[in-house]
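Here's a quick briefing for anyone opening this structure for the first time. Take a look at the sequence and the model, then read on.

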Amino acid sequence: MANKLKSAAEVVQSIPSGTHIALGGFAIARNLIAVVHELIRQQKGDLTLSQGVVGLETDLLVGAGLVGHLIMGGGSLDRFGPAHCVNRARETKSLRYEDYTSLSICFRYLAGALGLSYMPIKVLFASEILERLEAGPGASDVKRSTCPFTGEEYVLLRALTPDVSFVHVQIADRDGNCQINGARWANEEQAKAARRLIVVTEQIVPTEFIQRSPERTIIPGHRVEAVIHQPYGALPTCVHGCYDYDADHLRLYVEHAKEPERFKKYLENFVFSCRDHWEYLEKLGGLPRIEELRADPISGY
Amino acid sequence: MPVTEGTKGRHAQSDIRATEIMAAAGARELHDGEVVVVGLGLPEVASVLAKRTHAPSLATLLETGVMNPRPKDTPVGLPDSRSFYGATCLSGFLDVMGMNLHRGVVDVGFLGALELDRYGNINTTLVKDDSGKVRYVNGSAGGNDVASLAKRVIVIMRHEKRKLPLAVAYLTSPGFVGGRSRQELHLRGGGPSRVITDMAVLGFDAATHAMSVLSLHPGVGLEELKANTGFPLHIPNEIATTPLPTAEELRLLREEIDPTGVHLK
């Protein structure tokens with residue numbers, strides 16, 4: 001069997017600029033930080049990025065100027081603040097963006113994951129979201145139609161099939177069989193809609209461990225192209241059952257992201273000057289800091 | 001209980017905060033056995049309060065896929081593990097918003113808003129300053145989905161003129177757009193039913209779908225309410241006074257549900 005274990009750097013080398021990528025984080029949880037830092041270091045630009053609810057990972061990529069087209073349902077850094085870079089890009093129209101909702105993005109992925117070309121939905125009606133989609137380049141992805149059986153009005157959403165989906169998980173084996181602990185938002189649909197699927201895992205377990213509770217496998221290995229084993233790969237965002245978010249670093253990030261010049265300094269300090277994620281973790285405070293953030297086994301945070 | 005004028009912040013004499021009145025008023029809108037999709041913050045606080053008082057079998061769902069959490073620490077957001085604690089089910093968008101909301105089994109959608117207009121249209125996307133300059137804040141996330149699909153929608157927010165404008169700067173989530181019925185708008189959910197602010201509890205007139213005053217919080221005058229609202233309110237002949245939280249509700253809010261005052265400050 002081909003070895004699926006790859007480093008973030010190796011995987012990112014295989015992604016051409018202009019790729020449509022989908023990220024599996026949500027605000028301040030299970031963000032693909034190790035992958036996003038590598039995309040920034042390798043300057044993979046002109047990306048199309050789709051996501052249900054954006055967070056730190058998307059803010060980093062947009063702030064780094066690598067996203068040309070953003071398809072999103074909403075998002076922020078929760079109580080730490082707004083996604084400043086994403087909001088600034090929308091305000092200055094420095095990228096093409098389409099606003100959707102959590103469920104409509106999920107349904108677009110679901111259509112992709114089921115091999116359907118579209119999905120009917122009963123949201124977006126009478127909203128400015130739909131009005132703006134229909135008035136812009138997003139018009140090719142939304143149509144209104146009536147049900148041929150009942151005559152009911154629907155919005156039809158074109159399937160969303162990312163070139164590459166990334167999902168951060170707690171547990172995977174070497175074949176890519178994955179367990180996701182905690183709420184999963186649109187991870188399953190997003191993962192299975194993609195042409196290529198890459199998982200980043202906190203822990204690599206023997207397949208025998210997966211076989212003990214196979215009902216917990218959310219993504220089966222045969223769908224997974226590569227497994228990146230990167231412990232603490234989501235920091236400073238949280239991973240349920242593994243570690244809490246780093247509130248101090250998130251506050252520091254938000255302070256930097258407010259201003260483009262300060263954001264550049266952040267990238268210099270925490271991305272460009274780090275060879276890899278291990279060096280970045282040292283900058284976050286290394287093992288002593290990681291110990292402070294380690295999750296309590298009962299509460300999961 | 002006598003309460004002095006000015007409900008912003010803490011009541012001078014009763015020592016009860018406006019946010020506590022809002023949480024208790026929100027809780028009273030939720031009935032035992034109902035299914036509610038809640039946003040974080042005061043909606044979540046109110047739903048937990050309802051569950052610990054009169055509605056023990058209320059099903060509380062979060063858009064992320066969390067059902068019936070009993071958080072012991074205050075979460076910073078929906079994906080925070082603190083909001084998973086004690087849950088009876090952890091799934092995803094497709095389950096909560098697809099096979100519950102879209103399926104039509106959610107009784108109540110409980111939301112916050114940046115702006116809300118007289119027909120219950122919600123803006124959670126952007127704000128415009130006086131010169132028309134746009135500042136993005138967030139987007140819909142699950143807000144439009146909840147507002148479109150829940151059988152009824154409760155909005156909880158601060159009562160300020162700029163937050164209750166004649167027209168929202170961006171119509172993220174529809175209420176009775178243009179005063180039209182939900183059927184005309186092709187929306188399955190019943191639309192907005194209550195607006196709970198730090199000054200009043202409001203509803204929507206059955207005939208015109210325009211926002212209507214139901215009760216004023218103790219110490220709030222009708223003129224004060226009108227002066228803090230950016231559109232004409234429907235004023236019925238009788239306006240009640242919002243009941244203050246009970247001693248037990250206050251104890252639960254202060255000692256158990258939000259002891260550090262993250263949402264009730």
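The largest cavity holds about 120 Å³ of space. A cavity here is a set of points on a 1 Å grid over the protein atoms alone where a 1.4 Å probe fits but cannot get out, while a pocket is an open set with protein on both sides within 12 Å along at least five of seven lines; lining residues have an atom within 4 Å of a point. Grid points are joined across faces, edges and corners, and a volume is the space filled by probe spheres set on the points.

One thing to keep in mind is that this is a predicted model, where local features need pLDDT of at least 70 and side-chain atom pairs count only at pLDDT 80 or more, while totals for chains, interfaces and linings use all residues. Residues are numbered from 1 along each chain as its sequence is written, chains are lettered from A and ligands numbered from 1 in the order in which they are written, and side-chain values use heavy atoms, with hydrogens and water left out.

**Cavities**

- There are five cavities of 30 Å³ or more by this rule.
- For the largest cavity, 14 residues make up the lining, and B:Glu44, B:Pro71, B:Thr74, B:Pro75 and B:Ile257 lie nearest its centre.
- Two elements, α2 (42-52) and α6 (247-257) of chain B, each give two or more residues to that lining; helices (H or I, at least four residues) and strands (E, at least two) are DSSP runs, numbered from the N terminus.
- α2(B) supplies the largest share of the lining, four residues.
- Sorted by class, the lining of the largest cavity has six nonpolar, two polar and six charged residues. Nonpolar covers Ala, Val, Leu, Ile, Met, Phe, Trp, Tyr, Cys and Pro, charged covers Asp, Glu, Lys and Arg, and the others, Gly among them, are polar.
- The second largest cavity holds about 70 Å³, and A:Leu23, A:Gly25, A:Gly52, A:Trp185 and A:Ala186 are the closest to its centre among 13 lining residues.

**The three-stranded sheet of chain A**

- The strands of this open sheet are ordered β6-β8-β7 (chain A), with antiparallel pairing; two strands pair if DSSP finds at least two bridges between them.
- β6 and β7 of chain A are at the edges with a single partner strand each, so one side of each has no neighbour in the sheet.
- From one strand to the next, the twist averages 35°; axes are lines fitted to C-alpha atoms, for helices over the stretch in contact, and angles run from 0 to 180 degrees between N-to-C directions.
- β6 (118-121) and β8 (153-158) of chain A are joined by four bridges, and A:Ile121 has A:Val155 as its bridge partner.
- β7 (142-146) of chain A and β8(A) share five bridges; A:Lys143 partners A:Leu156, and A:Thr146 partners A:Glu153.
- β7(A) and β8(A) make a hairpin with six residues between them, and A:Gly151 in the turn has a positive phi of about 80°.
- α6(A) lies across β7 and β8 of chain A, at about 110° to β7(A).

**The ten-stranded sheet of chain B**

- This open sheet runs β4-β3-β2-β1-β5-β10-β11-β12-β13-β14 (chain B), with mixed pairing.
- Its edge strands are β4 (89-90) and β14 (240-241) of chain B.
- B:Ala240 lies in β14 of chain B and counts as partly exposed because its relative accessibility is 43%; buried means under 20% relative accessible area, exposed over 50%, and partly exposed in between (1.4 Å probe, protein chains only).
- Leaving out residues up to four places away in sequence, B:Ala240 touches B:Leu214, B:Ser215 and B:Leu216, where contact means heavy atoms within 4.5 Å.
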